[in-house]
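Thanks for coming, everyone. Please look at the screen, and I'll walk you through it.

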Amino acid sequence: MSTTPQQDTKDRPARLTVGVVGAGRVGPALAASLQLAGHRPVAVSGVSDASRRRAAQLLPDVPLVSPADVLARAELVLLTVPDDTLPGLVEGLAETGAVRPGQLLVHTSGRYGAKVLDPALRAGALPLALHPAMTFTGTPVDVQRLAGCSFGITAPEELRLAAQALVIEMGGEPEWIAEEMRPLYHAALALGANHLVTLVAQSMELLRSAGVEAPDRMLGPLLGAALDNALRSGDAALTGPVARGDAGTVAAHVSELRKHAPQTVSGYLAMARATADRALAHGLLKPELAEDLLGVLAGGTNGTDGTNGTDGGRGSEGGAR
């Protein structure tokens with residue numbers, strides 16, 4: 001079955017009416033993608049001005065109503081609200097009788113599986129957890145990015161095929177995640193994607209401070225190659241002064257960061273230790289070079305200039321070993 005959303009749907013009858021509770025960056029994009037597959041968005045709820053603008057851009061002519069009205073109008077409801085809001089929302093909708101038997105209730109939280117929808121399940125709803133492993137901008141480009149995007153699926157076994165079908169219709173790739181593994185799954189994605197943004201932003205700021213006029217142009221090819229190498233080869237792709245055991249270079253880095261961007265030092269040291277651990281474990285970092293390197297990293301944590309590992313502070317950071 002093709003994983004590309006069907007574009008020519010004008011001659012096909014809509015199969016499901018779709019509602020969105022929470023017009024953040026995710027919900028309108030998923031609803032627009034489902035519309036391309038032949039479903040019909042009929043209602044959306046949003047509170048902030050930004051949410052209303054997103055809904056108007058991605059779901060034009062779809063009325064803005066209350067969450068309860070969304071459930072009253074739609075056969076398939078997307079609950080696209082923040083993780084911490086989701087449990088209370090589900091309980092409230094179930095307690096007020098807004099949930100209808102046979103209604104497909106889909107949340108897009110990475111943290112939660114299907115059990116968070118248990119109150120709705122008891123009211124007769126069909127619970128699905130469909131989390132797109134993608135970063136969203138709140139613009140039409142998000143719909144295009146869903147093509148080939150993996151979705152973490154958690155659902156009762158009898159709804160597994162329905163969940164997979166919805167993901168495929170949006171152009172995504174279904175990936176089954178066990179209920180108890182959802183927090184670990186989400187932590188892995190946050191570690192890779194969210195922290196990557198922080199690292200890249202810090203790197204661009206430092207390059208500007210060093211006089212680079214176009215840090216994005218400089219970093220683009222480098223980071224693209226590093227990401228490609230990492231996805232292909234894992235730890236074998238590690239390179240740079242930490243993996244080589246160049247303690248003097250790392251000490252110079254720490255010293256310069258303390259002068260020009262002290263807020264980046266703790267992150268640099270933490271990532272350098274993690275890199276050293278992995279390089280050692282995979283035979284890339286020679287043990288005879290690791291001791292001086294780890295001493296520099298420990299010394300940097302304790303407020304020295306990191307020029308050597310003899311300040312007596314190494315023991316407090318022994319986790320790097």
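Is H39 buried or exposed? H39 is buried, at a relative accessible area of 6%. Buried means under 20% relative accessible area, exposed over 50%, partly exposed in between, with a 1.4 Å probe and protein chains only.

A word on the source. This is a predicted model, where local features need pLDDT of at least 70 and side-chain atom pairs pLDDT 80 or more, while totals for chains, interfaces and linings use all residues. Residues are numbered from 1 along each chain as its sequence is written, and side-chain values use heavy atoms, with hydrogens and water left out.

Back to H39. It sits in the loop between α1 (27-36) and β2 (40-45). Helices (H or I, at least four residues) and strands (E, at least two) are DSSP runs, numbered from the N terminus. The H39 side chain reaches the backbone nitrogen of L16 at 3.3 Å.

Next, strand β5, residues 126-132. Six of its seven residues are buried. Strands pair if DSSP finds at least two bridges between them. Strand β4 (residues 104-107) runs parallel to β5, with four bridges. There, H107 has A129 as its bridge partner. Strand β6 (residues 150-154) pairs with β5 in the antiparallel sense, also over four bridges. H131 has G152 as its bridge partner in β6.

Last topic: the lining of the largest cavity. Among the lining residues are L30, L76, V106, L130 and F151. α1 and β3 (76-79) each supply at least two lining residues.

How values were computed
A polar contact is a pair of N or O atoms within 3.5 Å; within protein, one must be able to donate a hydrogen and the other to accept it, and residues adjacent in sequence count only if both atoms are side-chain atoms. On a 1 Å grid over the protein atoms alone, a cavity is a set of points where a 1.4 Å probe fits but cannot get out, and a pocket is an open set with protein on both sides within 12 Å along at least five of seven lines; lining residues have an atom within 4 Å of a point.
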